Amino acid sequence: MKRKIRLRNYIAFIYTLFVCIGIFILSITVNAFSGKLFSEYVKRTIEREINEIIRSFADQYQHSNGIFNMDGINAIGMHYLHRGYLISLEAPSGITLWDVHIMNMPQCNLIVEEITARMQNDHRLDGSFIKTQYTLEIETGQIGNVNIEVYAPFFYSLEDAHFIKSLNMLFLITGIIFAVLSVIISFYLAIVIAKPIVQTKNAARRISEGNFATRIENNFFLAELYELAGSVNDLAVNLENGEKWQKRLTSDMAHELRTPLTVLQGNIDAMIDGVWEPTPKRLQFCNDEIERLHKLIENLSILSLIERDNLNLHKTDFDLKKLLLQAAAQFIPLAQEKGITLTVNIAETPIHADYDRLMQVFVNLLSNAIKYTEQGNIILTLNESEAAHEIRITDTGIGIPENDLSHIFKRLYRSDVSRDRSSGGSGIGLSIVAAIVKAHGGNISVVSNEGQGSVFTVTLPKNSFLRFTALV
Ligand code: ADP
């Protein structure tokens, strides 16, 4: 078998991959977006500072004597030098009045080097210092020019660079935390989903090995897994019941065959040994036992025919009342003998069904009703609904123990009560009844109270289609 991936690993892998791709895409977009926003912000800050420089320089102009306050110019120029602006001031004639390069050349070089290195190496922004000239004007006219040299297109101050570094670090730490969390969550999820599946798989394997008592402790909270485990448990219950049933069937079959054979052998041995005379009465007794065996085998073959789906129904139109009266008529002498009242309370009802097979159904049901009833009455009634005929056979007999109710339609099943009473049955009659009713697309059910009686209800659909149904 080709090597298969474990579900748990697969879920964990897919989830982690998904989260990592998510984090990657998110960090790239956030980074690009925030980088763009921040550079816009920095450009606006530089513009604002340049305006501030121009305004501050103009403020240093003394209207009284028409010259600049050079102390103020010096203070402003040196302040902005440290912020990365190299400034010089010219008179309108072009004569230099103040120049930061002249004031502090080494410091200027240091600042240029430091900003160029920061922008080109740390932020991969190729650029250079570019000088721009701005005119200084007041109401009366031009008072000079300011030359401002800055790294273009823009540059980050030390604080800006620090902020960017912190932001990147924050992204990195958040990304790592998310990645670690996603791995933990993915493993947790994988375990939550995979564990019930693994448990179910193991249980299914044990069941397939024949351990039908296996059950899954089904406390799974995911609906599909809960239903899956429930189905496997149901399967195990069915297989367990099937196994029990099969064992019981074998022993029942042996019992059903052994009893008449032992009786027969005992009688014939006694006659061969000359212990008993082969009187007609004894021979008749042996014949009855052979008949019983014959009947059992015949019933079994009818059943096997039905189970092989070979029950061909020969449907005709007839009156259901006529059939039920005919079935009941066969039992009137027996009922009278036992002192049981047999009542048929049915109106004329046309039906389309297999006459002989339905006759078999009601003969079997009535035979049981008489067999398992000592006194009281048996009533046959018919209820009509739009969709079905519902025939009810009610008796006041020994009833059926609750534990046996779900089994009595199975082959050779006889309740212990009826077995003890050696009623002479073989446990096949109801299986045949159920099979014929099902073949008609109908249904049979029973309600019974031990010691009080039973009610068998046969439901036959109107306009039923021919249907073959194997016995379960
Ligand atoms: P059997 O030949 O033993 O009657 P059936 O298949 O007809 O076989 O019935 C199966 C079992 O169902 C019977 O052995 C009996 O225990 C129970 N049973 C069927 N019909 C009745 C009934 N009317 N009253 C009580 N028990 C019944």
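Helices (H or I, at least four residues) and strands (E, at least two) are DSSP runs, numbered from the N terminus.

I noted that this is a predicted model, in which local features need pLDDT of at least 70 and side-chain atom pairs count only at pLDDT 80 or more, while totals for chains, interfaces and linings use all residues. Residues are numbered from 1 along each chain as its sequence is written, and side-chain values use heavy atoms, with hydrogens and water left out.

I then traced the open sheet of 5 strands, whose order is β8-β10-β11-β13-β12 with mixed pairing, where two strands pair if DSSP finds at least two bridges between them. The edge strands, each pairing on one side only, are β8 (340-345) and β12 (443-449). Between β8 and β10 (residues 376-384), which run parallel, I found 6 bridges, and Leu342 has Ile378 in β10 as its bridge partner.

Turning to aromatic pairs (ring centres of Phe, Tyr and Trp, its six-membered ring, within 6.5 Å; planes under 30 degrees apart stacked, over 60 edge-to-face, the rest tilted), I recorded 10 in the structure. The rings of Tyr85 and Phe155 have centres 5.8 Å apart and planes at 70°, so this pair is edge-to-face.
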